[in-house]
Amino acid sequence: MAGRSPHELTAEQSRWAFFGATLFLTAVGFLGYAVAKGVILPFAIGWVVLQVFGYAGSLSRAKGDFAHPLFKSQVMIHVVVLGLLVALILRGPPA
């Protein structure tokens, strides 16, 4: 780590932190949409709560390392949740 401050992130850590932040902002944006429209509100609230506790827990156990496998798995869980949300939206309301 010569020539680098201990607080600087590696390229891999930056990438995973960006993915996590993007998914979190997507969840917060969807929560705003769900509140405004009054649809899928429990899903939207649960997703944000799951992310807050999941990211906080995994980062505390990984000692702040965004490239730790525990944090990566947390990000991939939320990619799956985003896929479920897209599937719900594409399926549309029942006829």
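Helices here are DSSP runs (H or I, at least four residues), numbered from the N terminus. Before going on: this is a predicted model, where local features need pLDDT of at least 70, side-chain atom pairs count only at pLDDT 80 or more, and totals for chains, interfaces and linings use all residues. Residues are numbered from 1 along each chain as its sequence is written, and side-chain values use heavy atoms, leaving out hydrogens and water.

Now select 41-61, which is α2 itself: 21 residues, reaching 30 Å from first C-alpha to last. Color its buried residues (under 20% relative accessible area, 1.4 Å probe, protein chains only); among them are Trp47, Val48, Gln51 and Tyr55. The buried residues of α2 pack against α1 (11-37) and α3 (69-91).

The axes of α2 and α3 (lines fitted to C-alpha atoms over the stretch in contact, with angles from 0 to 180 degrees between N-to-C directions) come within 9 Å and cross at roughly 170°. The two helices are therefore roughly antiparallel (angles over 145 degrees). For the contact (heavy atoms within 4.5 Å), show residues including Phe43, Trp47 and Leu50 of α2 and Leu70, Phe71 and His78 of α3.

Lys72 sits in α3 and Glu12 in α1, 60 residues apart.

Technical notes: The expected span of a helix is 1.5 Å times one less than its number of residues. Buried means under 20% relative accessible area, exposed over 50%, partly exposed in between (1.4 Å probe, protein chains only). Angles under 35 degrees count as roughly parallel, over 145 as roughly antiparallel, 65 to 115 as roughly perpendicular and the rest as oblique.
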